[in-house]
Amino acid sequence: MSKKSVDFFYDIVSPYSWLAFEVICRYQHRWNIALKLRPFYLGGIMNEAGNKPPALVPNKGAYMIKDVARIAKHHDVPLKFPKNTMEMMLVKGTLSAQRFLTAVDIRQPDLLEKVSRELWMRNWNRDEDVTEPKSLAEAAKKAGMSDQDIVATLSLIGDEKVKAQLKAVTKEAMDLGAFGAPMLVAEINGKKEWVFGSDRFPIFAEMISEKWEGPVPGVSSKL
Ligand SMILES: N[C@@H](CCC(=O)N[C@@H](CS)C(=O)NCC(=O)O)C(=O)O
């Protein structure tokens with residue numbers, strides 16, 4: 001049976017995207033799916049959709065810190081809030097990181113999963129920078145990219161082709177109706193259907209007729 005295509009739209013600024021990313025990566029070889037990782041720019045989505053980061057509502061922001069910590073534990077993802085989350089999200093941002101991931105997708109798509117994870121480890125585990133070329137290079141190195149490829153990939157960050165691809169992927173999500181991250185998209189009866197959030201896997205599994213076995217498949221207590 002041919003594999004069902006699943007697209008995962010994410011931005012490493014988003015902690016819920018990291019949780020969903022680890023889950024869909026765990027399932028990519030358990031479900032009959034062809035997973036395509038789609039780095040997009042959440043800042044662009046927020047602007048275009050007229051939305052704003054949930055943490056800007058003070059009570060929601062305070063709840064999110066607890067919520068994300070609980071889900072991270074439940075999902076077995078080593079997520080820790082950085083000291084200055086707002087600065088990381090809103091001042092420093094992730095535009096260059098998302099362009100870097102786009103360049104990785106163009107040059108070495110097989111490394112996209114590992115480089116994405118290393119960038120999340122930087123901003124959502126070790127409270128390290130993800131804006132400087134040196135930081136992106138360190139993440140790529142940890143992900144197994146060669147020094148020569150790192151130089152070539154970094155040089156593409158400002159390239160029109162990379163900027164255009166990031167814009168196109170962001171627009172593709174917008175055209176589907178995006179307002180946030182993460183998004184899981186599948187083609188069902190010839191039509192693209194999607195869910196928003198790291199908490200919609202049971203529904204998504206049902207949509208694509210696959211079995212949901214919890215965020216850490218194989219561990220029954222995490223169902
Ligand atoms: N309930 C969702 C929440 C996901 C979420 O809040 N994502 C943020 C980015 S980290 C977002 O884009 N929110 C937009 C919104 O809530 O309108 C989950 O558990 O994953």
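# Getting to know the strands and helices

User: Hello! In strand 4, which residue is the bridge partner of Leu184?
Analyst: Welcome! Helices (H or I, at least four residues) and strands (E, at least two) are DSSP runs, numbered from the N terminus, and two strands pair if DSSP finds at least two bridges between them. Strand 3 (residues 183-188) pairs with strand 4 in the antiparallel sense, over six bridges. Within strand 4, the bridge partner of Leu184 is Val195.

User: Before we go on, what pLDDT do local features need?
Analyst: Residues are numbered from 1 along each chain as its sequence is written, and side-chain values use heavy atoms, leaving out hydrogens and water. This is a predicted model: totals for chains, interfaces and linings use all residues, side-chain atom pairs count only at pLDDT 80 or more, and local features need pLDDT of at least 70.

User: In what order do the four strands form the open sheet?
Analyst: The pairing is mixed, and the sheet is open. Strand 2 (33-39) and strand 4 (191-196) are the edge strands, each pairing on one side only. From one strand to the next the twist averages 25 degrees. The order of the strands is 2-1-3-4.

User: At about what angle to strand 1 does helix 1 run?
Analyst: Axes here are lines fitted to C-alpha atoms (for helices, over the stretch in contact), with angles from 0 to 180 degrees between N-to-C directions. Helix 1 (residues 15-27) lies across strand 1 (4-10), strand 2 and strand 3. Its angle to strand 1 is about 160 degrees.

User: Is Asn123 buried or exposed?
Analyst: Asn123 sits in helix 6 (residues 112-124). Beyond its neighbours within four places in sequence, Asn123 is in contact (heavy atoms within 4.5 Å) with residues including Ile12, Met88 and Val130. Buried means under 20% relative accessible area, exposed over 50% and partly exposed in between, with a 1.4 Å probe and protein chains only. Because its relative accessible area is 1%, Asn123 is buried.

User: How is helix 5 placed relative to helix 8: roughly parallel, roughly antiparallel, roughly perpendicular or oblique?
Analyst: Angles under 35 degrees count as roughly parallel, over 145 as roughly antiparallel, 65 to 115 as roughly perpendicular and the rest as oblique. The axes of helix 5 (residues 95-107) and helix 8 (residues 147-154) come within 9 Å and cross at roughly 120 degrees. That makes the placing of helix 5 against helix 8 oblique.

User: And which word describes helix 5 and helix 6?
Analyst: These two helices pack with their axes 9 Å apart, at an angle of about 165 degrees. Helix 5 and helix 6 are therefore roughly antiparallel.

User: Which residues of helix 6 make the contact with helix 5?
Analyst: From helix 5 come Ala97, Phe100, Leu101, Val104 and Asp105. On the helix 6 side, the residues are Leu112, Val115, Ser116 and Leu119.

User: Which helices do the buried residues of helix 7 pack against?
Analyst: In helix 7 (residues 133-142), the buried residues are Ser135, Leu136, Ala137, Ala139 and Ala140. Just after this helix, Gly144 takes a positive phi of about 100 degrees. The buried residues of helix 7 pack against helix 5, helix 6 and helix 8.

User: How many Å apart are Gly197 and Met183 in space?
Analyst: Gly197 belongs to the loop between strand 4 and helix 10 (201-207). With 7% relative accessibility, Gly197 counts as buried. Gly197 and Met183 are 14 residues apart in sequence, while in space their C-alpha to C-alpha distance is 6.3 Å.
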